[in-house]
Amino acid sequence: MHCVRSITDDLYWIGGNDRRLALFENIHPIEKGVSYNSYLLLDEKTVLFDTVDWAICRQFLENIKAVLGDRTLDYMVINHMEPDHAACIEEIILRYPNIKIICTEKASLFMHQFGFSIDDKVIKVKDGDSMSFGKHNLVFVTAPMVHWPEVMVTYDTTNGVLFSADAFGSFGALDGKLFNDEVNFDRDWIDEARRYYTNIVGKYGPHVQSLLKKAGNLDIKIICPLHGPVWRSDLGYFIDKHDKWSRYEPEEKGVMIVYGTMYGNTEASANYLATKLVEKGMKNVVMYDVSKTHVSYLIAETFKYSHVVLASVTYNLKIYPPMLNYIMDMKALNLQKRTFAIIENGSWTPQSGKLIRELLNEMKEMTILDNDITLTSSMKVEDCDSMDSMADSIIESMK
């Protein structure tokens, strides 16, 4: 049975949801599922914008048939060649053999790499090229490395719709609610949108900034991403979030304490510091056990908060492995402009703090507070003054 929704008089959402997939890209947990969005325009010519993941291909094909009726499919715009959006290209070609495919030259190359036979069907477009399909005129805007090199976005000058590829997307199944004004986004969606952006696109902030500058010259009224809700109101809210994330600016002044503990002693020291911070007036404090929290959530929260405390046990004279994995993900995703404090623990040769500091010093625009704390096996009464001093230093650095 088909399931579609109208976006404008002649534009339809024809995607679907996957609530069975456990790991997006076989890495990131998606407890709330994910949507795969595709769109179909009915003009003098019919135009399909991207396909979907193989998991929902049957639903997708039923949706296309329901919207087209007796018409055929004339064009398919491929904004992004990642398989969660391009898996069904051959299925479309089999059913609509006369279709023409509009994409960048790099996307055409990727189609060959994935084994698609498309040589006589491709219309290659460059940045700023346009095509008319009746009353609708589309402009193609290249967006390389947001987050693959072949990416483009497509802007409809007739109705102000931006088909934004993976930009402005989010984890989460749609549950029947397609538009941003049909959900409480700030309550139910922003965390998953942040986690999606920071882990999937976060490394490529300068490229996102470039796309935002291009988008600033367009009169955008609706944003149609490949994952998550369609934006038809309050666009500035979501664009501002992406501007901040892509400049690596923290959203909030607050303290994120991430601890790596084996038997609870390092956790106890983290609890003590959190308590002192709150007593001194800093109530925006969150704590995470690095061993129990998937790194994608840690990365998203690190993009959110201005200050991060890393409290780590020493393990085989090195950084505790889950903590090391988290720090290396920070580095890989190009995180910048954060202030760190370091607590190390060790029973015979505490080393984790020195090694953490070395890694942070390799990253861009990181501030590391000077008053590192070294614990031997567990926190003692004599360590309380050092903890108080660290709390004061963190609060002072926020001014």
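This is a predicted model: local features need pLDDT of at least 70, side-chain atom pairs count only at pLDDT 80 or more; totals for chains, interfaces and linings use all residues.
Q: Which residue does D219 form a salt bridge with?
A: That's K221, and the closest N and O atoms are 2.7 Å apart. A salt bridge here is a side-chain nitrogen of Lys or Arg within 4 Å of a carboxyl oxygen of Asp or Glu.

Q: How many salt bridges does the structure hold?
A: There are 23.

Q: Back to D219, how exposed is it?
A: D219 is partly exposed at 48% relative accessible area; buried means under 20%, exposed over 50%, and partly exposed in between (1.4 Å probe, protein chains only). K221 is partly exposed too, at 46%.

Q: What about E251 and K241?
A: Their side chains meet in a salt bridge, 2.8 Å from N to O. E251 sits in the loop between α8 (235-246) and β17 (252-260) and K241 in helix α8, so the pair ties together parts 10 residues apart in sequence. Helices (H or I, at least four residues) and strands (E, at least two) are DSSP runs, numbered from the N terminus.

Q: Are those two buried or exposed?
A: Buried: E251 has 17% relative accessible area, and K241 has 17% as well.

Q: Which residues are in a network with them?
A: D191 and R194 are linked with K241 and E251 in a network of salt bridges.

Terms used. Residues are numbered from 1 along each chain as its sequence is written. Side-chain values use heavy atoms; hydrogens and water are left out.
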